[in-house]
Amino acid sequence: MNIRAIQAIYLFEMARTWRTLLQSIVSPVVSTSLYFVVFGSAIGSRITQVEGVSYGTFIVPGLVMLSVLTQSIANASFGIYFPKFVGTIYELLSAPISYYEIVLGYVGAAATKSIILGLIILATAGLFVPLHIHHPFWMLAFLVLTAVTFSLFGFIIGIWADGFEKLQMIPMLVVTPLTFLGGSFYSVNMLPPTWRTISLLNPVVYLISGFRWSFYEISDVSVGLSVGMTLAFLAICMVAVWWIFKTGYRLKN
Amino acid sequence: MASIISVAHLSKTYGSGFKALDNINLEIQRGEIFALLGPNGAGKTTLISIICGIANPTQGKITVGGHDIIHSYRAARSLIGLVPQELHTDAFESVWATVSFSRGLFGKPKNPAHIERVLKDLSLWDKKDAKIVTLSGGMKRRVMIAKALSHEPQVLFLDEPTAGVDVELRKGMWEVVRRLQASGVTIILTTHYIDEAEEMADRIGVINKGEIILVEDKASLMQKLGKKQLRLQLQSSIEAIPPALSPYKLELSDDGSELIYSYDTKGERTGITSLLGDLRAAGIKFSDLETTQTSLEDIFVSLVRTP
């Protein structure tokens, strides 16, 4: 295995984060803080407790997930799309590295960034509302698993996209709605039965539910199911990446 | 000399059905400078891309340093440095960072002394901390060469290295290439500038419409196809060539002031002495004379010209 190449890609991508610190870290933190001000304090003060916790506290896991999901996709898709766009991809393709190593470098860096970001947002949330994490190990496990899975998903989008429009399309039109409808701001148990059933088709519901359980031991669906669904999505992404590299899709002609 | 790159029965057909390469067979000798000449769209870049792993071959087998480029791609690619035609660079990286990144990508341990040497050789040392976006085109080209040399390749591909580079820089680039060859690196360059091939190459391959139509030693190619012409400026114009001179197959310029004699440099006798004697006998006097040799350019044009 070409460890040095993985390291080179990883560090190169991380360097891009530090160089664009404002865009990478500061702006998601600011927008999440705004959610707390609007939903947590302004509106949340009018809402009674949800499943035994205050509303402001209730939305913390969902907000962290919201950022981790969107940032994982954004980081990884841009990370691999940009070399394609400016043409520096030639070097990756001609280097003595396996596809598996390319993925490790890019997805590893994208996931690292969004995990750091998720933890920063969590710390920021702690300034607004009291937090208690019942299962810190599971909290981290869900965070890492989600970051890796969606970085992999972002990597696929970055390879598939052949223009900036497509790069934005999936995150804007698919991921954001799924996240908002996935119970970031409410429990799906609060929905009428029909809508609740429909919601269960949304994979994000399982992520947020499991993540919220690790904080407050309350969940919309069973924890095992949450873990299972996340792993299933991870597996689907892995197969897609394997196929992309096997066929050279959008990379080699 | 043993060959370092061996291409056998290579064909490439794109998804669109366009056949870019057709049964290419090519051996590149260790330590040589090989120039690949061909018009636009002849398949030069496709050939390089396949050897380097950027495009997939449709058919055929390629080895680099004895390693199959598909089955032993790591070993094969480690030996290769590639400088593509287009200036693809990470605009916001520093020169030092991007060159060091390339070395890492090729799995080589950090070696700041080597990177320093490469940058100094390419006159980029004082720009090492500059962002690439601030560099001129010629400097960016050299950054790309530095990236390719960062991992100490044994084979260097230069795809049109001097396209869009001014005369001064071209000369500098040639210097760099010669030094590399002296250090043992095999160099394959494609070029549109025929004088570049003439100046630099040990051997020349001509590719046209996806087929290699010629591979020759530059010197023997020049000799084989090289014709010389003797042009004689006459003191006074003549209207027709005297019949006595017909064995020489002379040409008369339109205004009748110049006689042109073509001869083969390879022939044992060029016939110049007897021609001059016969001219004198025919009473034709000349004021000046010059000889010209067919350039590689003429040879090239005659090879790829479609009737």
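In this predicted model, the C-alpha centres of domain 1 and domain 2 of chain B sit 43 Å apart. Domain 1 of chain B covers residues 3-222, and domain 2 of chain B takes in residues 227-304. The two do meet: 11 residues of domain 1 of chain B are in contact with 6 residues of domain 2 of chain B.

What does the domain 1 side of that meeting place look like? Four elements of chain B each give two or more residues to the side of domain 1 that touches domain 2: the helices α7 (194-200) and α8 (218-225), along with the strands β9 (203-208) and β10 (211-217). Top of the list is α7(B), which gives the most to this side of domain 1, namely 3 residues. As for the make-up of the side of domain 1 of chain B that touches domain 2, its residues split into 9 nonpolar, 1 polar and 1 charged.

Over in chain A, one residue makes a handy stopping point. Val148(A) belongs to helix α7 of chain A, which runs over residues 136-160. Is Val148(A) buried or exposed? It counts as buried, because 22 C-beta neighbours lie inside 10 Å of Val148(A), and 20 or more is what it takes to be called buried. Leaving aside residues up to four places away in sequence, Val148(A) touches Val107(A), Ala111(A) and Leu234(A). Then there is Ser114(A), 34 residues from Val148(A) along the chain; the C-alpha atoms of these two are separated by 9.1 Å.

Terms used
Residues are numbered from 1 along each chain as its sequence is written. Chains are lettered from A and ligands numbered from 1 in the order in which they are written. This is a predicted model: local features need pLDDT of at least 70, side-chain atom pairs count only at pLDDT 80 or more; totals for chains, interfaces and linings use all residues. Domain bounds come from an automatic or database domain assignment. Two residues are in contact if their C-beta atoms, placed from the backbone, lie within 7 Å. Ala, Val, Leu, Ile, Met, Phe, Trp, Tyr, Cys and Pro count as nonpolar, Asp, Glu, Lys and Arg as charged, and the others, Gly among them, as polar. A residue is buried if 20 or more other C-beta atoms lie within 10 Å of its own, exposed if 12 or fewer, and partly exposed in between; C-beta atoms are placed from the backbone.
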